[in-house]
2 protein chains.
Amino acid sequence: MKTVIIGSGNVAYHLAKAFKQNNITVHQIFGRNDIELENISEKFNIPFSTEQLEDADFYLISVSDNAVEEVSSWIKKDDVLVAHTSGSLPMEILKGNYRKASFYPLQTFSKTKNLDYSKIPFFIEAESQVDEKSLFELASIISENVETSDYERRKYIHLTAVFACNFVNHLFARAKEISDSQDLPFQYFIPLIDETVEKIHHMEPKLAQTGPAVRGDERVLKLHEDLITKEEHLRIYQMMNESIKKMYDK
Amino acid sequence: MKTVIIGSGNVAYHLAKAFKQNNITVHQIFGRNDIELENISEKFNIPFSTEQLEDADFYLISVSDNAVEEVSSWIKKDDVLVAHTSGSLPMEILKGNYRKASFYPLQTFSKTKNLDYSKIPFFIEAESQVDEKSLFELASIISENVETSDYERRKYIHLTAVFACNFVNHLFARAKEISDSQDLPFQYFIPLIDETVEKIHHMEPKLAQTGPAVRGDERVLKLHEDLITKEEHLRIYQMMNESIKKMYDK
């Protein structure tokens, strides 16, 4: 399949890199941001353009959710396969008479951070079984964890990921505000954070819970509330503890 | 120093193990729960008792916060050093005429989970410089990361840890409720969770944030809210997204 990637964000960058690492030729990387495109182009030796979309058999649209529909309408050919990489969009968002698909990698991507692509789960959906099979095979070159998944399932995968990744990172960011306020090096907390995650490789998260709320330790909860000076921290503190107490009937 | 550990919970278990691994003799493990004490005693070859507290130079009290005061009053000798392991109690909670100290390991402990003690930060405080030095040296046998820390600082360390560990684990538990409700294997999310944490080894958590809220993607936020069926999940979802939006002025 002659392949073009559309987009130059974090996901597009890592897909271009994953394809390159696995000797899957990408014929063009296309988009609007010439600086980012040039960066990807140079790094992974892929021609780029901001103006002329190359003819191809497969277009992989990896742009922000709200741009997918518009970008998909740029593809005017019918006899091509077009997939987006979003966890929260149906295939039908793609506007054209071509064959439609979804190619969703479940990971958090930053350009500055290397990744082992072989561990990333890919979720594949296509209108036709033939396309689904070929995208499944394509993803399987990159990763050991490839599954088919319809939109309904994909939405819940994405929702779960928001809890398990986006919100978790936000807690790290808020935790760092607290440690920074006391000149405590955030490095102190890295072994604790590593172990928190290491635990759930082997234990049910529900059984791994520790801390004052699950112990019903009201003295410490009150002590902490008195330490907190930022309204946003107090809201998170109280809400998370209430939720923990509910889960364990404390 | 002739050493006795008091307690048989997760922290006592791991301290007994860490002492054993580093050839620091513990002369007795004392407490109320004979089944747990016997387990620790057999595993690490330490005599145990529920009745007769052994004479020692150093008593390390590792019991739940609300039991520390009572347990500390069992020690009737004056010329001994007594430390507790709590992040949220002052030394003065210890009730006796002995020399007082705090010996706080910053980690989440479960008996079923092995740990590399050399990476665990220990925070030491003692009434006298001599005791502080000897506890510092003791902790340094176990760990590479030993610091002195007064109660004020310890409280904030503990508060930060609640955000970075206890609340994070609770998000994993809530995320698993969502994935379970759709028969999605939680294993799908492990590479994502690993990467979320791996990232903050190298990046500021604030700069590593991804997801719909930081992008200001109201469509996805609404879509997810419509998928959520459990009130507790919706409260967390809305509150965390509000907090993310505030942090990034979205």
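Guide: Here is a short tour of the contact between the chains.

Guide: The model is predicted: local features need pLDDT of at least 70, side-chain atom pairs count only at pLDDT 80 or more, and totals for chains, interfaces and linings use all residues. Residues are numbered from 1 along each chain as its sequence is written, chains are lettered from A and ligands numbered from 1 in the order in which they are written, and side-chain values use heavy atoms, with hydrogens and water left out.

Visitor: Which residues in chain A lose the most area to chain B?

Guide: Y156(A), F163(A) and Y188(A), together 8% of what that side buries.

Visitor: Polar side of things. How many residue pairs are in polar contact between the chains?

Guide: The count is 40, both residues at pLDDT 80 or more. A polar contact is a pair of N or O atoms within 3.5 Å; within protein, one must be able to donate a hydrogen and the other to accept it, and residues adjacent in sequence count only if both atoms are side-chain atoms.

Visitor: What does helix 5 of chain A do against helix 5 of chain B?

Guide: Their axes come within 9 Å and cross at roughly 175°. That makes the two helices roughly antiparallel (angles over 145 degrees). Axes are lines fitted to C-alpha atoms, for helices over the stretch in contact, and angles run from 0 to 180 degrees between N-to-C directions. This contact has 20 nonpolar, four polar and two charged residues. Ala, Val, Leu, Ile, Met, Phe, Trp, Tyr, Cys and Pro count as nonpolar, Asp, Glu, Lys and Arg as charged, and the others, Gly among them, as polar.

Visitor: How does helix 5 of chain A cross helix 9 of chain B?

Guide: At roughly 100°, with the axes within 10 Å. The pair is therefore roughly perpendicular (65 to 115 degrees). Among the chain A residues there are Y151(A), Y156(A) and V162(A); V220(B), L223(B), H224(B) and L227(B) meet them from chain B.

Visitor: And helix 6 of chain A with helix 6 of chain B? What angle do they pack at?

Guide: About 175°, with their axes 10 Å apart. So these two are roughly antiparallel as well. I193(A), D194(A) and V197(A) contact I193(B), D194(B) and V197(B).

Visitor: New topic. How many salt bridges cross the interface of chain A and chain B?

Guide: Ten. A salt bridge is a side-chain nitrogen of Lys or Arg within 4 Å of a carboxyl oxygen of Asp or Glu. K246(A) pairs with E232(B) this way, at 3.0 Å, N to O.

Visitor: How many over all chains?

Guide: A search of the whole structure finds 46. One salt bridge joins D180(A) and K176(A), at 3.0 Å. Both lie in helix 5 of chain A, four residues apart, about one turn of the helix.

Technical notes. Parallel < 35°, antiparallel > 145°, perpendicular 65-115°, else oblique. Contact = heavy atoms within 4.5 Å. Buried area = accessible area lost by both parts, 1.4 Å probe.
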